[in-house]
Amino acid sequence: FLIAVIASAGFGILQIASNFKTSIRGLLGVLALVVLFIVAYATSKPDSHAIVAAAADKMNVSDSTQKMIGAGMTTMVVVALTTIVAFVYGEIRNFFK
């Protein structure tokens with residue numbers, strides 16, 4: 001398993017290095033996701049409702065873990081909405097071609 005993971009990562013890095021011009025869009029997409037997650041994490045706050053706080057204490061969930069969960073959910077929603085908007089835009093554009 002470890003050899004497969006190393007080989008996959010090595011092949012990906014080799015492809016990026018050998019075709020950097022064509023890989024730039026993918027790298028920019030990954031960078032955009034990282035920036036989105038960092039912004040979502042920075043603006044996320046741990047939930048302080050009594051029920052959520054009790055459940056978090058029961059399951060030993062720290063405030064930073066709650067922020068991480070919130071940032072992940074925010075990132076997922078933004079990516080899902082962006083995908084839906086891009087799909088609808090593409091379909092409308094193709095309809096009028």
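## Helices α1 and α2

Axes here are lines fitted to C-alpha atoms, for helices over the stretch in contact, and the angles run from 0 to 180 degrees between N-to-C directions. In this predicted model, helix α1, which covers residues 2-18, packs with α2 at an angle of about 120 degrees, and their axes are 6 Å apart. That angle makes α1 oblique to α2.

On the α1 side the contact is made by Gln15, Ile16, Ala17 and Ser18, which meet Phe20, Ser23 and Leu27 in α2. By residue type, the contact of α1 with α2 divides into four nonpolar and three polar residues, with no charged ones.

## Helices α2 and α4

Helix α2 (residues 20-43) also packs with helix α4 (residues 63-95), here at an angle of about 130 degrees and with the axes 8 Å apart. The two helices, α2 and α4, are therefore oblique to each other, and α2 passes α4 in a right-handed crossing.

From α2, the residues Leu33, Leu36, Phe37, Ala40 and Tyr41 take part, and they meet a set of α4 residues that includes Ser64, Lys67, Met68, Ala71 and Val79. The residues of this contact between α2 and α4 divide into nine nonpolar, four polar and one charged.

## An aromatic pair

The count of aromatic pairs comes to one. The ring centres of Phe95 and Phe96 lie 5.1 Å apart and their planes stand at 80 degrees, so the pair is edge-to-face, given that planes over 60 degrees apart count as such.

Phe95 counts as exposed at 65% relative accessibility, and Phe96, at 66% relative accessibility, counts as exposed as well.

Key
Residues numbered from 1 in each chain as written. Predicted model: local features only at pLDDT ≥ 70, side-chain atom pairs only at ≥ 80, totals over all residues. Heavy atoms only, no water. Helix = DSSP H or I, 4+ residues; strand = E, 2+ residues; numbered from the N terminus. Parallel < 35°, antiparallel > 145°, perpendicular 65-115°, else oblique. Left-handed = near helix turned anticlockwise from the far one by under 90°. Contact = heavy atoms within 4.5 Å. Nonpolar A, V, L, I, M, F, W, Y, C, P; charged D, E, K, R; others polar. Phe/Tyr/Trp six-rings, centres within 6.5 Å; stacked < 30°, edge-to-face > 60°. Buried < 20%, exposed > 50% of the residue type's maximum accessible area, 1.4 Å probe, protein only.
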